[in-house]
Amino acid sequence: MALYQGNDVDEKYVFPWMGIVANVPIEWDGKRYVGKSGSGLRDDLTNKGFNPVRVHPLWNHRGHSGYAVVEFSNNWDGFAYAIKLEKIFESQHRGRLDYLGSANRGNKLYGWVAKADDFRSAGVIGDYVRKNGDLKSISDVQAEEKRKNDALVSNLADTIKAKSRRLKEIESRCNETSMCLNKVMMQRDEMIQEYNEELQGMAKNARDQLAKMIKEREKNKLYLEAQRKELELREKELVEREALNDNQRQELNSLKQMNERAEMEQKRMDESVLKLAEEQKKEKETLREKILELQTKLDSKQALELEIERLRGATQVMRHMGDGQDVKKKLDEIQESLKEKEEELEDLEALNQALVVKERRANVELQDARKELIDGMKQHSSRALIGVKRMGELNVKRFKEITKRMFVEDADFKAAELCSIWEAHLRDPNWHPFKVVTTENGPKEIDDKDERLNRLKHEYGKAAYELVTTALLEMNESSSSRGITTELWNYKLERKATIKEGISYVVQKLKASKAKKR
């Protein structure tokens, strides 16, 4: 190599590369010998172009020894600067041999590269280089450098292989994600189909329920009318006999008032239920008709667009056939037909937009009907089959059961404190312990690595963890603002109740109330 041409590759040098500077000027200060500092010597050598890393003066029991070790960087540039130092000092007859053979050295510096002789020497020079370096030949340094390069290349090859495996894993995950997306799209189409079938079934059930309610209403009306006539006859008989006493008169008045109240209550309930059922029936019928109409209009629109494209193609063909009288006549007919089809398409577009607006309005009315049903059932007990549930609200009673098992005293206080803390967490919009994970029961969004939830599970158990996560999922599903909302709830199946289930439940309660009065 160019860095050590002319030097024996097997000659031993001190590594890391070091140089020796001798005959450093020193003087006695009354206590010990002192000399120039290492930083001062380093600056001098740097100005001469040797680029040392640091210069370390050597001291002994008498103070500064007059020697200093020059340390160079442990690469080939450092070796080159060390050889340069030795060559320049030798060219000025101030090398190692000159230093050892000279009796009158004056105040000039001597310098050379630290080698085997210096390493094995006694004194401060030998002590320092043996402590801070080792003897190595150029071939030894080359071999070690080659070994390090080979190890680096091997590590880089292993890293490239690991990256390649990682890339293949990512590609595999991308393919799996694509397959999952296709599966989700298929499930979405199936859900839409099931929704349409359920909608049709709900409409049929609503019609059947309405017919049963009307029939039941007529029977109740006849029964109440018969009761009224019977009471009137009894009153007439008592008047004719003039044998009424106070007890009989009070009983008769009481029965009449009860019958009147029953009639008024029955009438009010009939009107309310019939109105709700009629609105439900109309909304379901309207929605079904609109869906069928939209599907029909969409098919008609697509057929019309295909016909327009066919006529446009035919027009282009006729234009290229020439200027004959028959061709011109045929072209005029096609253009006239094309104009009619385009006007028909514009009408269909306008009708389609109107139907879309009506469909949105029907959906709004359906939501309003659900809200009215919720408002009407808020007073029902939570033990009922169908009722109103506050979504996202923590169950204080369940928390008390948990704290009573853990704390002998102040269990109620602990439960109240725990509820208060977690109600604040649930309302915190900056807390998002969610991730989408597809399971057998559907998509779950609770992050099982969330620090807060894991701490709750560790301190209070799985039951408390499930109470909070259930409330969190309900709140996240029902409200975008992380607030408590009311929802029509099926307590038997632990899910949201449909409008159909709510109306059926109201009808059953109405029938039970009538039977009880009878």
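Good morning, colleagues. Across the chain, the mean pLDDT is 78, and 79% of the residues score at least 70. Where pLDDT is low, predicted coordinates should not be read in detail.

I turn now to the helices. Two packed helices are described by the angle between their axes and the distance between those axes. Helix H9 spans residues 396-406 and helix H10 spans residues 411-427; their axes come within 8 Å and cross at roughly 130 degrees. H9 is therefore oblique to H10, and H9 passes H10 in a right-handed crossing. On the H9 side, the contact is made by Val 396, Phe 399, Lys 400, Thr 403 and Lys 404, and on the H10 side by Ala 411, Asp 412, Lys 414, Ala 415, Leu 418 and Cys 419. By class, that contact has 6 nonpolar, 1 polar and 4 charged residues.

How do H10 and H11 pack? Their angle is about 165 degrees, with the axes 13 Å apart. The two helices are therefore roughly antiparallel to each other, and the crossing of H10 past H11 is left-handed. Leu 418, Trp 422 and His 425 of H10 meet Arg 452, Leu 453, Leu 456 and Tyr 460 of H11. This contact has 5 nonpolar, 1 polar and 1 charged residues.

Finally, the ends of H11, which covers residues 451-460. At its start, a side-chain oxygen of Asp 450 reaches to within 3.2 Å of the backbone nitrogen of Arg 452. Just after H11, Gly 461 adopts a positive phi of about 95 degrees. Thank you.

Methods
Residues are numbered from 1 along each chain as its sequence is written. This is a predicted model: local features need pLDDT of at least 70, side-chain atom pairs count only at pLDDT 80 or more; totals for chains, interfaces and linings use all residues. Side-chain values use heavy atoms; hydrogens and water are left out. A polar contact is a pair of N or O atoms within 3.5 Å; within protein, one must be able to donate a hydrogen and the other to accept it, and residues adjacent in sequence count only if both atoms are side-chain atoms. Helices (H or I, at least four residues) and strands (E, at least two) are DSSP runs, numbered from the N terminus. pLDDT is the predictor's confidence in each residue, from 0 to 100. Axes are lines fitted to C-alpha atoms, for helices over the stretch in contact, and angles run from 0 to 180 degrees between N-to-C directions. Angles under 35 degrees count as roughly parallel, over 145 as roughly antiparallel, 65 to 115 as roughly perpendicular and the rest as oblique. A crossing is left-handed if the near helix is turned anticlockwise from the far one by less than a right angle, and right-handed if clockwise. Contact means heavy atoms within 4.5 Å. Ala, Val, Leu, Ile, Met, Phe, Trp, Tyr, Cys and Pro count as nonpolar, Asp, Glu, Lys and Arg as charged, and the others, Gly among them, as polar.
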